[in-house]
Amino acid sequence: MDHLKSSIALLPPSTWVQAFFLAAAGGILALHVLPRDVRGELIDYGARRANNGHQLNGKSSGKSRSVLALATSLMSSAQVPHSWFWHFYALSVFSSAFWAWQYARRGSFLASLAEAQARSGGPSVGMGHILLAWLMMVSQGTRRLYECFFVLKPGRTPMLLAHWILALAYYAAINVAVWIEGSGAILDSWTSQHHLALTFTSRDIAAMVVFVAAWLTQNQCHRHLASLKKYTLPSEGAFGYLVCPHYTCECVIYLAIALMVAPAGSFFNTSVLSGAVFVVVNLGATAQGTKQWYAQKFGADKIAARWAMIPFVF
């Protein structure tokens, strides 16, 4: 037991970050084995939650059903305003600024994480790529924060406190993920007198092009959604092919960041890729619920030709 505790204590920070993302994704997938009414209480929000008609009325028999209903009721009663969505992007921007400040000032928080990660060995990300990935995170967080205040219409229905906490944890962790696998380069840059060098490869250029395309497309999607009358079926641009193209763009954005900040010899950065897996699972569940809600409200024929989120796959 002591040996196990010692081994766990010696795990690099990147492993903890990856474990959090994958555990959170696994938890969301696990919700789908629950009864439909329970699942709806824990997953649905916004318009779908306000009109889904779910009721935990205890029609199913058995003590386990009663316990499950009670637990679900307690969780669903803890709610925060849907307008608090801006908190996620404010935290993302703050985190980006904090870690940049830590790097510039050789701060103790970043130094401790970098030293712990460096002790695990393995390939490290170049400092130039870390800063590019950081810039991508800053631009995404800043644009989303701007959209929350000046583009999107704030929702009036609440979201679960658990959703709010999980999203805050995600944005804090993804900003750590951008830096953590570059610990060797961070420590070297603090002791070396060499200037920062960055040689663009075709992969770097591809990552940046994909990121910019997804970034711009997501902004267009959000502007289209904001222009619609309440509970109108979106149809312009990518919405003609996908139910939630803005979710598709979100997934692509994080895949592009994972590609940009990949260590030498790897195609993706494992920590950021784990965060992208969480995004795909989380938004995929919401996209599926949105497609079902659209089918009920506007007719299944209206969206029959549209993929939920991933073209030709889902």
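Reader: In which helix does Q140 lie?
Author: This is a predicted model, in which local features need pLDDT of at least 70, side-chain atom pairs count only at pLDDT 80 or more, and totals for chains, interfaces and linings use all residues. Residues are numbered from 1 along each chain as its sequence is written, and side-chain values use heavy atoms, with hydrogens and water left out. Helices (H or I, at least four residues) and strands (E, at least two) are DSSP runs, numbered from the N terminus. On that numbering, Q140 lies in helix 8, residues 127-150.

Reader: Is Q140 buried or exposed?
Author: Buried means under 20% relative accessible area, exposed over 50%, and partly exposed in between, with a 1.4 Å probe and protein chains only. The relative accessible area of Q140 is 3%, so Q140 is buried.

Reader: Leaving aside neighbours within four places in sequence, which residues is Q140 in contact with?
Author: Contact means heavy atoms within 4.5 Å. With those neighbours left aside, the partners of Q140 are W215, Q218, E250 and I253.

Reader: Which residues is V243 in contact with, leaving aside its neighbours within four places in sequence?
Author: V243 is found in the loop between helix 11 (202-227) and helix 12 (245-260). Its relative accessibility is 0%, so V243 counts as buried. Beyond the neighbours left aside, V243 is in contact with A287, T290, K291, Y294, R306, W307 and A308.

Reader: How far apart in space are V243 and I310?
Author: In sequence, V243 and I310 are 67 residues apart. From C-alpha to C-alpha, the distance between V243 and I310 is 9.5 Å.

Reader: At what angle do helix 6 and helix 9 pack?
Author: Two packed helices are described by the angle between their axes and the distance between the axes. Axes are lines fitted to C-alpha atoms, for helices over the stretch in contact, and angles run from 0 to 180 degrees between N-to-C directions. Helix 6 (residues 86-105) and helix 9 (residues 161-180) have axes 9 Å apart, and the packing angle is about 30°.

Reader: How are helix 6 and helix 9 oriented to each other?
Author: Angles under 35 degrees count as roughly parallel, over 145 as roughly antiparallel, 65 to 115 as roughly perpendicular and the rest as oblique. Helix 6 and helix 9 are therefore roughly parallel.

Reader: Which residues of helix 2 and helix 13 meet?
Author: The axes of helix 2 (residues 13-31) and helix 13 (residues 270-298) come within 9 Å and cross at roughly 15°. The two helices are therefore roughly parallel to each other. S14, Q18, F21, L22, A24, A25, I28 and L29 of helix 2 meet, in helix 13, T270, S271, S274, G275, V277, F278, V281, N282 and A285.

Reader: How many charged residues are in the contact of helix 2 with helix 13?
Author: Ala, Val, Leu, Ile, Met, Phe, Trp, Tyr, Cys and Pro count as nonpolar, Asp, Glu, Lys and Arg as charged, and the others, Gly among them, as polar. The contact of helix 2 with helix 13 has 10 nonpolar and seven polar residues, while the number of charged residues is none.

Reader: What is the phi of R106?
Author: Most residues other than glycine have a negative phi. R106 is found in the loop between helix 6 and helix 7 (108-118), and is exposed, with a relative accessible area of 51%. Although R106 is not a glycine, its phi is positive, about 55°.
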